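Please look over the structure below before reading on.

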Amino acid sequence: FFLSPSDMTSSMHTACALSFLATAAALNVQSRLTTAQRAGLLLSPQPAGVRKVLPGAGAPVPRGGVHSDDWWDGATLGSCVVRRFTDEMAGDRWMLWYSGRSASFDSDVVPLATGAVGLAQSTDGVVWERLAGDEAGGACLVPNEDEWWGFDTSHVGVGDVHVMSSRVIQNGLGLYWMFYFGGDGEELANAPAGAPTRGGRMSIGVALSNDGVHWGRVEGEHPSGAALEPAEGESFVGWPQALRLPSSGDQEESWLLYYHALDEASGRFAIGSAVSSDCVKWTRRDGYCLTAGPEGSFDAGGVSARCVVRKGAELLMFYEAVDAARSHTIGLARSADGLSWERIGAGPVFSPSAEPGAWDGVAVARPWVVPMDDGSARLYYVGRGAEGAVQRIGMARSEGNDWTRWTRWAEEEEEEPGGESA
């Protein structure tokens, strides 16, 4: 399920009751869905089966097979990052890093769709093949077991991935940079007795990889190893996204890091930003760049996970919105400089499916947008249906160049041999 601000404080018992631990019936629900109910669905939790492995850097073709009855993503799926790499000879290679949890994950950790991070790849961005990493459960990044004082010892989730070099870490071919978040071993203060709250205090970190599969943490400037920690008055910071700002000549490279926090004063989610020249040391900007909307609006309950993309001369922010009744939709804002934002329209641009029994008929969240060559875009998102608290990943396509109108991908649109579509 999706954690609301009050779930982090006064309603943790409700969160416990809506346990994300998947039952066999919940995981098998997709086999009972009609085509209309399945519209948009790409990936579901997968507790068991065989997955191939990537042997190392420079080896994009998976091989072999590893079987498990307890994969790291067997109970629920969370935020995802989708990158498309184009090669004139080999064609498109799509990579999807996503968060998830297994049914055997520690039950005393705050109930989010986080725990570990893994990888899937595709040739078309629709049919995905999950790969087995070297970490526990076949994940690529797991909670930090080497440093008990670390910010990410209880659970981790992915926020963003780039391929690049920086002035701090140089590499001619570029490295994969993951901006992730994690929770430590502390319990949340003022939570009801018996509620799972360990790891609720989340911070943001950086990890590097040669191949996108095998990751090593980069030590941040905070004693916990984090690159960015909650400020006074914030319960957590998480779901980071890094955006390179335009530069010219000898101008120093500059980056913006977007994140969202739980503002304790208002009890709502808000989106903040920080700046950096090396992607390791970040300086927080004063205030928030987007906050909850007015009373009665679709985002009156807060704004949280987001994806910022360029379209022409402006930046667009697709963001997760929560209303006063805790309904989750996706809204849209625009900016000329990435610092000041204004909403587009008075309502969401993407909402839960109206199809009865749809896999995403209750909530849609965690947007990730990929611009396409023809001017259209794809919206990858996390959804939840009425059958339980299990979350899945889906995709919708924009109606041409209009990124305010979206249609869920349907199976009859595109069929590819091999791989998996759910």
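## Basis

The model is predicted.

## Cavities

How many cavities of 30 Å³ or more does a search of the whole structure find? The search gives 3 such cavities. The volume of the largest cavity is about 90 Å³.

The lining of the largest cavity is made up of Ser-79, Cys-80, Val-158, Gly-159, Trp-239, Pro-240, Gln-241, Ala-305, Arg-306, Arg-366, Pro-367 and Trp-368. Two or more of its lining residues come from each of the elements β4 (76-87), β8 (155-164), β12 (234-244), β16 (302-311) and β20 (363-371). Sorted by class, the lining of this cavity holds 7 nonpolar, 3 polar and 2 charged residues.

## The second largest pocket

The second largest pocket has a volume of about 380 Å³. Its lining consists of 18 residues. Those nearest the centre of the pocket are Arg-83, Val-309, Trp-368, Val-369 and Pro-371. Trp-368 is also listed in the lining of the largest cavity.

Which elements each supply at least two residues of the lining of the second largest pocket? They are β4, β8, β12, β16 and β20. By class, the pocket lining has 12 nonpolar, 2 polar and 4 charged residues.

## Thr-197

Thr-197 is found in the loop between β9 (175-183) and β10 (202-209). Is Thr-197 buried or exposed? Its relative accessible area is 3%, and a residue under 20% counts as buried, so Thr-197 is buried.

The side chain of Thr-197 has a partner in the side chain of Glu-187. The two side chains make a polar contact at 2.5 Å.

## Val-280

Val-280 sits in the loop between β14 (268-276) and β15 (283-284). With a relative accessibility of 11%, Val-280 is likewise under the 20% limit and therefore counts as buried.

Which residues does Val-280 touch, not counting residues up to four places away in sequence? With that exclusion, Val-280 touches Trp-177, Val-218, Glu-219 and Ala-227. A further pairing can be given by distance: Val-280 and Gly-205 are 75 residues apart in sequence, while their C-alpha atoms are 8.5 Å apart in space.

Key. Residues are numbered from 1 along each chain as its sequence is written. This is a predicted model: local features need pLDDT of at least 70, side-chain atom pairs count only at pLDDT 80 or more; totals for chains, interfaces and linings use all residues. Side-chain values use heavy atoms; hydrogens and water are left out. On a 1 Å grid over the protein atoms alone, a cavity is a set of points where a 1.4 Å probe fits but cannot get out, and a pocket is an open set with protein on both sides within 12 Å along at least five of seven lines; lining residues have an atom within 4 Å of a point. Grid points are joined across faces, edges and corners, and a volume is the space filled by probe spheres set on the points. Helices (H or I, at least four residues) and strands (E, at least two) are DSSP runs, numbered from the N terminus. Ala, Val, Leu, Ile, Met, Phe, Trp, Tyr, Cys and Pro count as nonpolar, Asp, Glu, Lys and Arg as charged, and the others, Gly among them, as polar. Buried means under 20% relative accessible area, exposed over 50%, partly exposed in between (1.4 Å probe, protein chains only). A polar contact is a pair of N or O atoms within 3.5 Å; within protein, one must be able to donate a hydrogen and the other to accept it, and residues adjacent in sequence count only if both atoms are side-chain atoms. Contact means heavy atoms within 4.5 Å.
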